[in-house]
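Let's take a walk through a protein structure together. Keep the 3D view open and turn it around as you read.

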Amino acid sequence: MDPNQVLADDVESNAPAPAQGAPSSDSRPMSSSHGGEAKEAFFQMMSEWFTEFIQTNSTAQQPPPPPNPQLVPVAPQVVEFQRLNKPPVDKIRKYEAKEFRATVDNDTEGAEFWLENIICVFDELSCTPVECLKCAISLLRDTTYQWWNTLISVVPRERVTWDFFQVEFRKKYISQRFLDQKNKEFLELKQGRMTMTEYERKFVRLSKYAREYVSTEEIMCKRFVDGLNKDIKLLVRILELKEFVVLVNRACKAEKLSKEKRKVDSEARD
């Protein structure tokens, strides 16, 4: 069947019926020319309707874009963050941080050495105060660990800090009698038969017990010179050095010259 003929028949069937009394000539079948005009009118009508539809809906508000989804951290990331912030208890042992046991009541020097050593390790690892406290407690053993547990059971939690640990540890295991003894050793220190390297090391180690006597570097240099042997002191004092590192370097050279002079004098006598 011809599609054009079907379309024409549809248009003709939708045309208004003739009024009653109209001439019988209007009810005759539509000719081919009339069918072509009907098709053109139908396509024109559809074109106008489509154009009107486009113009009417082009300004319609477009739906907003969907919001960006919020990123939710997954569990492994949280676990990894916690792992990175875990106190380095395992690492401090690799830096030779030893356990502490107060097995001897008068082992004050050992207690002080232990505390100073772990402080150096914590500084090397850049530990926070919270990490320092946890790591120090992990190294306590036997009666020392029991002492700490008993102490914190009667102290408010907010007071239990790294500074609090150091103060209480010194009060418990580093007696005032020991500190007074070291202070006296520093004030009476002389080079004697020690080499310059040995004297310098002992001077520095004992000076921490007598900070009030070495309040400045200049005073520290003066006291160091006062403890030197007479022959080296004569060679160094005239320089009036006020930098401790430079002073020790010059004193070592003076010691070497003094040994060479004694050797020459001994060979001359022989």
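**Helices and the bridges around them**

Start with glutamate 185, which counts as partly exposed because its relative accessibility is 27%. What you're looking at is a predicted model, so keep that in mind as we go. Glutamate 185 forms a salt bridge with lysine 182, and the closest N and O atoms of the two are 3.9 Å apart. Both residues lie in helix α9 (residues 176-187), 3 residues apart, which is about one turn of the helix. Lysine 182 counts as buried, with a relative accessibility of 7%.

Now zoom out for a moment. The protein has 13 helices and 0 strands. If you follow the chain from the N terminus on, the elements read α-α-α-α-α-α-α-α-α-α-α-α-α. Of its 270 residues, 25% count as buried.

How many salt bridges does the structure hold? There are 13 of them. One is between the side chains of arginine 205 and glutamate 109, at 3.7 Å from N to O. Arginine 205 sits in helix α10 and glutamate 109 in helix α5, so this pair ties together parts that are 96 residues apart in sequence. Arginine 205 counts as partly exposed at 36% relative accessibility, and glutamate 109 is partly exposed too, at 40%.

Another salt bridge joins the side chains of glutamate 112 and lysine 208, this time at 4.0 Å from N to O. Here again distant parts of the chain are linked: glutamate 112 is in helix α5, lysine 208 is in the loop between α10 and α11, and 96 residues separate them.

Glu99, Arg101, Arg141 and Asp142 are connected in a network of them. Take a second look at aspartate 142, which is placed in helix α7 (residues 142-152). Aspartate 142 has a positive phi of about 55 degrees, although it isn't a glycine. Why is that worth a glance? Most residues other than glycine have a negative phi. As for the surface, aspartate 142 is partly exposed, with a relative accessible area of 44%.

Serine 126 isn't a glycine either, and it has a positive phi of about 55 degrees. You'll find serine 126 in the loop between α5 and α6 (129-138). Its relative accessible area is 60%, so serine 126 is exposed.

Next, let's see how some helices pack. Two packed helices are described by the angle between their axes and the distance between the axes. Helix α5 (residues 108-124) and helix α8 (residues 162-173) pack at an angle of about 165 degrees, with axes 10 Å apart. That makes α5 roughly antiparallel to α8, because angles over 145 degrees count that way. The crossing of α5 past α8 is left-handed.

Now move on to helix α12 (residues 230-237) and helix α13 (residues 244-269), whose axes come within 9 Å and cross at roughly 130 degrees. That makes α12 oblique to α13. In this pair, α12 passes α13 in a right-handed crossing.

Go back to helix α5 and pick out isoleucine 119, which is found there. Isoleucine 119 is partly exposed, with a relative accessible area of 22%. How far apart are the C-alpha atoms of isoleucine 119 and alanine 136? They are separated by 9.2 Å, and the two residues are 17 residues apart along the chain.

Threonine 216 is partly exposed, with a relative accessible area of 39%.

Last stop: the surface. Met45, Met46 and Trp49 form a nonpolar patch there, with about 330 Å² of accessible area together. Tryptophan 49 is found in helix α2 (residues 32-57). At 51% relative accessibility, tryptophan 49 counts as exposed, because the cut-off for exposed is over 50%.

Definitions and conventions
Residues numbered from 1 in each chain as written. Predicted model: local features only at pLDDT ≥ 70, side-chain atom pairs only at ≥ 80, totals over all residues. Heavy atoms only, no water. Patch = residues over 30% accessible without salt bridge, like charges linked within 9 Å, V, L, I, M, F, W, Y side chains within 5 Å. Areas by Shrake-Rupley, 256 points an atom, 1.4 Å probe, with all protein chains shown as cover. Helix = DSSP H or I, 4+ residues; strand = E, 2+ residues; numbered from the N terminus. Buried < 20%, exposed > 50% of the residue type's maximum accessible area, 1.4 Å probe, protein only. Axes fitted to C-alpha atoms, helices over the stretch in contact; angles between N-to-C directions. Parallel < 35°, antiparallel > 145°, perpendicular 65-115°, else oblique. Left-handed = near helix turned anticlockwise from the far one by under 90°.
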